[in-house]
Amino acid sequence: MSHHVQREIRYNFEFDHRIKACFIGAGGHAYRNVYPALRYAPVELTGICDLDLGRAEKFAKLFGAGKAYTDHREMLAREKPELVFLVTAYHPDGRVQATNLALDALASGAHVWMEKPTAASLEDIERLQAASAAAGRMVMTGLKKTFFPTIEKLRDLIGSPGFGRLTSINVRYPQSLPSQEDRADLVKMQSFLDHIYHPGAILNFLGGEIERAGYEWESLTGATVTSLRFRSGAIGTLHLTAGQSGGSIFERVEVIGEGANAIVENGSRLTYFRKADLPSYGRAASFIQPDENAALFYEPEHSLGQLYNNNLFYLGYVPEILHLTDAILSGTPISRGTLEIALEIMKLFEFYRRTDAGVTTNL
């Protein structure tokens, strides 16, 4: 199956049938990145809920929703949506607000799209799995990294004739891990929980399930270097680069196959180093490769007002929503952002909470 598929985008008003939807949450992230993405999806937004009614009313007016609410249960009962979007925060004790909201949405008969993190424990995700199965409705977590065109392209390279099997992978992501004594406290682990979904999603998407892992922790910044073995036999590293400059390129992903490798930097720049036949060592007179095995370089241009250079697209926000709406309209299951994948990412989170630095542990 090809993961990166070119598609011509339709605008919201061009769809003949739109899915009746409600939205819970009226915060800054939703304002910047999720509500605007609905302009390109077959969605009719009928209700917006937020604890701040004035804010919900402003969002409803701005984004074309019919009514504003402060009580999500009232909104679900009155609007009877087919799909509910959740972009909320945390409870004072560090639990994820969206987890119980998703359970309420499922009980009302709606599908759910929720921003990560899905939950704060494996048990909560298992509760969602049971509720989703009982309701016959899908729950999708917005794992946007797996919808980056560059990361999709890496996935398509893996296993291709020129690349071969995935043998190793490296993911670099700026995140600090609290000290051992703070890891039992969900509040102190909130930032880590919020962000481990990003590199965790990439590792799962490209490498599959992790079999075992061990890491070293640096006390000044909370940086970690983790060694990984995947059930496929591939190995890898996850470098959480706390301490780097805030002005630096944030992320880097490299996959290595059998004589070929590919690198994604800054989310939107991909270089594919194809298999190369070099002269014997010390006798190559030129660094220029023949066209048939020269490196391939992909990067969007930014001079035109195109969709592909809009961060709603190259950061995956629109594609991830379309993945769910396509599935709802076609009556087929989603393959990305599933609760099963969220469960695997939560295993990684729990690994960091329970394991002393340097210990190798089966996940």
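**View A. Lining of the largest pocket.** Of the 31 residues around the largest pocket, the ones nearest its centre are His4, Val5, Gln6, Pro149 and Glu152. Two or more lining residues come from each of α6 (149-157), α8 (311-314) and α9 (317-330), and α6 gives the most, with five residues. Helices here are DSSP runs of H or I with at least four residues, numbered from the N terminus. This is a predicted model, in which local features need pLDDT of at least 70 and side-chain atom pairs count only at pLDDT 80 or more, while totals for chains, interfaces and linings use all residues. Residues are numbered from 1 along each chain as its sequence is written, and side-chain values use heavy atoms, with hydrogens and water left out.

**View B. Volume and make-up of the largest pocket.** The volume comes to about 1,000 Å³ for the largest pocket. A pocket is found on a 1 Å grid over the protein atoms alone, as an open set of points with protein on both sides within 12 Å along at least five of seven lines; a lining residue has an atom within 4 Å of a point. Grid points are joined across faces, edges and corners, and a volume is the space filled by probe spheres set on the points. The lining of the largest pocket has 14 nonpolar, 10 polar and seven charged residues. In this scheme Ala, Val, Leu, Ile, Met, Phe, Trp, Tyr, Cys and Pro are nonpolar, Asp, Glu, Lys and Arg are charged, and the others, Gly among them, are polar.

**View C. The second largest pocket.** Have a look at the second largest pocket, which holds about 350 Å³ of space. Its lining counts 16 residues, and Ile24, Leu51, Thr88, Gln97 and Leu101 are the closest to its centre. Both α3 and α4 supply at least two residues of this lining, with α4 giving the most, four residues. By class, the lining of the second largest pocket has six nonpolar, seven polar and three charged residues.

**View D. Helices α3 and α4 together.** The axes of α3 (residues 72-79) and α4 (residues 97-107) come within 10 Å and cross at roughly 20°. Axes are lines fitted to C-alpha atoms, for helices over the stretch in contact, and angles run from 0 to 180 degrees between N-to-C directions. The two helices α3 and α4 are therefore roughly parallel to each other, a label for angles under 35 degrees. On the α3 side, His72, Arg73 and Leu76 meet Leu101, Asp104 and Ala105 of α4, where contact means heavy atoms within 4.5 Å. The residues of this contact divide into three nonpolar, one polar and two charged.

**View E. The largest cavity.** The structure holds two cavities of 30 Å³ or more, a cavity being a set of points where a 1.4 Å probe fits but cannot get out. About 80 Å³ of space lies in the largest cavity. Its lining includes Gly200, Leu203 and Asn204, along with Glu344, Ile345, Lys347 and Leu348. Two or more of the lining residues come from each of α7 (190-207) and α10 (339-354), and α10 has the largest share, four residues. Five nonpolar, three polar and three charged residues make up the lining of the largest cavity.

**View F. The second largest cavity.** Around the second largest cavity are Phe148, Ile151, Ile202, Glu251, Arg252, Val253, Val264 and Gly267. They divide into five nonpolar, one polar and two charged.

Technical notes
Parallel < 35°, antiparallel > 145°, perpendicular 65-115°, else oblique.
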